[in-house]
Amino acid sequence: MMSVSNEDYAAMTNRAAPPSPLALDCLKAFLVGGGVCCFAQAITEALVLLRLSREDAKLLAMMTLIVLTAILTAAGVFDRLAKHAGAGLAVPITGFANSVVSPALEFKSEGYILGTAAQMFSIAGPVIVFGCSSASLYGLIYFFLAGRR
Amino acid sequence: MSVVLTLCKAFLVGGLLCVIGQVLIDKTNLTPAKILVLYVLAGVVLGAVGVYAPLAEFAGAGATVPLTGFGFNLAKSTAEAVNERGLWGALEGPLSAASVGVMTAVLSALVVSVFARSKDK
């Protein structure tokens, strides 16, 4: 009988097992997410070259990502990409835009008011509620700590 | 050359922020919706304690495009609003900071839902 030490056994199973899905998921998220941010930075730099202010260029780059996401979502492409990219498309502003556009489309059959408009905020709503409330709380604290000058 | 460096920094930091999100998705039971909320809250807190501003300075879109950047922008703009308008700024700041992103998303969602229908159906 072949004797195999624990270390050898671990090494053998490592070789036989497929690459961990976590590592692959992370690699894809890194490449896609990094790519999205890099794309936004490239738009910003291009617009600055066209003599827009950096503030405006940043806003326009963000708007480009949102509008592109809306178009790709409507074309059914975004969901297919997101299945592979995972957090790479969910964490950037593209994920936020998709969370608004996707239910707006999906619930269109229930009408524009109770379907599209109501469902639009099913995910974006919590994001805005908690984001704005915490920012407001911070504003209050900031006022008493530093703002009263 | 400096533009290439700027792009690389955006890629690196943006990619890493997404990897953190991917680990959260794979290793916890958090749904993507909860992760979005978590990221925005993290951005507000990191912005409030002054950690995020240097990161945004360093990484540009790599720090501002992920949703933590959205939260950071909320905190930053609210502080600016408080500087200008006093306590009113705490109420006026957050929604005005969010306005461009939210309105762009809402308007494009409306336009798209008029012209397209869900692919699932």
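This is a predicted model: local features need pLDDT of at least 70, side-chain atom pairs count only at pLDDT 80 or more; totals for chains, interfaces and linings use all residues.
**Entry 1: a helix pair**

I started with two helices of chain B, H2 (residues 32-48) and H5 (residues 67-85), and found that they pack at an angle of about 45° with their axes 6 Å apart.

How do H2(B) and H5(B) lie to each other? They are oblique, because angles that are not roughly parallel, antiparallel or perpendicular count as oblique, and roughly perpendicular only begins at 65 degrees. I also looked up the handedness: H2(B) and H5(B) cross in a right-handed way.

**Entry 2: who touches whom**

Next I listed the residues that make this contact. From H2(B) I noted, among them, B:Leu36, B:Tyr39, B:Val40 and B:Gly43. On the H5(B) side, the residues include B:Leu67, B:Phe70, B:Phe72 and B:Lys76.

Which classes do the contact residues fall into? I got 13 nonpolar, five polar and one charged.

**Entry 3: the whole chain**

Then I zoomed out. Chain B has six helices and zero strands, so going from the N terminus I wrote its elements down as α-α-α-α-α-α.

I checked the dimensions too: along the principal axes, the C-alpha atoms of chain B fill a box of roughly 50 × 35 × 35 Å.

How much of chain B is buried? Of its 121 residues, 52% are buried.

Last, I looked at contacts in chain B with a separation of 6 or more: 59% of them come from residues 24 or more positions apart.

Methods: Residues are numbered from 1 along each chain as its sequence is written. Chains are lettered from A and ligands numbered from 1 in the order in which they are written. Helices (H or I, at least four residues) and strands (E, at least two) are DSSP runs, numbered from the N terminus. A residue is buried if 20 or more other C-beta atoms lie within 10 Å of its own, exposed if 12 or fewer, and partly exposed in between; C-beta atoms are placed from the backbone. Two residues are in contact if their C-beta atoms, placed from the backbone, lie within 7 Å. Axes are lines fitted to C-alpha atoms, for helices over the stretch in contact, and angles run from 0 to 180 degrees between N-to-C directions. Angles under 35 degrees count as roughly parallel, over 145 as roughly antiparallel, 65 to 115 as roughly perpendicular and the rest as oblique. A crossing is left-handed if the near helix is turned anticlockwise from the far one by less than a right angle, and right-handed if clockwise. Ala, Val, Leu, Ile, Met, Phe, Trp, Tyr, Cys and Pro count as nonpolar, Asp, Glu, Lys and Arg as charged, and the others, Gly among them, as polar.
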